[in-house]
Amino acid sequence: QIYESLVPERQNMLFSATMPTWVKDLASKYMTDPITIDLVGDQGTGKMAETVETFAIKVTRDTRLDVLSDLIKVHGKNGKTICFTQTKRAADEVA
């Protein structure tokens, strides 16, 4: 019901750390000509693209948002940053 009430002219975006068959099927069902951007590569090497930077920094719970903000300011290219979280609550805190 939700999907049917959306306006026809819109942009849909689907982000997934993995692309199992059910995710591909979902994209094909609800999106027109979906494009996949693969940051790891389809060769199965497990290597990320050279244009992608990752950071792993041990911080306390109290300082993590400040550290994340500093990382984005220093390393974010034109504001293009994706931050993955484990829960919706954590995503809300980051936002």
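Trainee: How many helices and how many strands does the chain have?
Mentor: This is a predicted model. The elements run α-α-α from the N terminus on. The chain therefore has zero strands, and its helices number three.

Trainee: What is the average pLDDT of the chain?
Mentor: pLDDT is the predictor's confidence in each residue, from 0 to 100. In this chain, 87% of the residues score at least 70. Where pLDDT is low, the predicted coordinates should not be read in detail. The chain average is 80.

Trainee: What share of the residues is buried?
Mentor: Buried means under 20% relative accessible area. The chain holds 95 residues. Its accessible surface comes to about 9,100 Å², and carbon and sulfur atoms own 54% of that. The buried share of the residues is 5%.

Trainee: What share of the contacts with a separation of 6 or more joins residues 24 or more positions apart?
Mentor: Contact means heavy atoms within 4.5 Å. Take the contacts in the chain with a separation of 6 or more. Residues 24 or more positions apart account for 19%.

Trainee: Which residue forms a salt bridge with Arg64?
Mentor: Side chains of opposite charge can pair when their charged atoms come close. Here the closest N and O atoms are 2.7 Å apart, and the cut-off is 4 Å. Arg64 sits in helix 2 and its partner in helix 3, so the pair ties together parts 29 residues apart in sequence. The partner is Glu93.

Trainee: Are Arg64 and Glu93 buried, partly exposed or exposed?
Mentor: Arg64 has 30% relative accessibility. Glu93 has 38%. So Arg64 and Glu93 each count as partly exposed.

Trainee: How far apart are the closest N and O atoms of Lys88 and Asp92?
Mentor: Lys88 and Asp92 are four residues apart in helix 3, so about one helical turn separates them. Lys88 is exposed at 62%, while Asp92 is partly exposed at 48%. The two form a salt bridge. Their closest N and O atoms are 3.2 Å apart.

Trainee: How large an area does the nonpolar surface patch cover?
Mentor: The patch is made by Ile2, Tyr3, Leu6, Trp22, Leu26 and Tyr30. One of its residues, Leu6, lies in the segment before helix 1, which spans 21-30. Patch residues need over 30% relative accessible area, and Leu6 is partly exposed at 39%. The patch covers about 640 Å².

Trainee: What is the phi of Asp33 near?
Mentor: Asp33 lies in the loop between helix 1 and helix 2. Its relative accessible area is 67%, so Asp33 is exposed. Phi is positive here, in a residue other than glycine. The phi of Asp33 is near 50°.

Notes
Residues are numbered from 1 along each chain as its sequence is written. Side-chain values use heavy atoms; hydrogens and water are left out. Patches are made of residues with over 30% relative accessible area and no salt bridge: like charges are joined within 9 Å, nonpolar side chains (Val, Leu, Ile, Met, Phe, Trp, Tyr) within 5 Å. Accessible areas come from the Shrake-Rupley method with a 1.4 Å probe; for residues, only the protein chains shown count as cover. A salt bridge is a side-chain nitrogen of Lys or Arg within 4 Å of a carboxyl oxygen of Asp or Glu. Helices (H or I, at least four residues) and strands (E, at least two) are DSSP runs, numbered from the N terminus. Buried means under 20% relative accessible area, exposed over 50%, partly exposed in between (1.4 Å probe, protein chains only).
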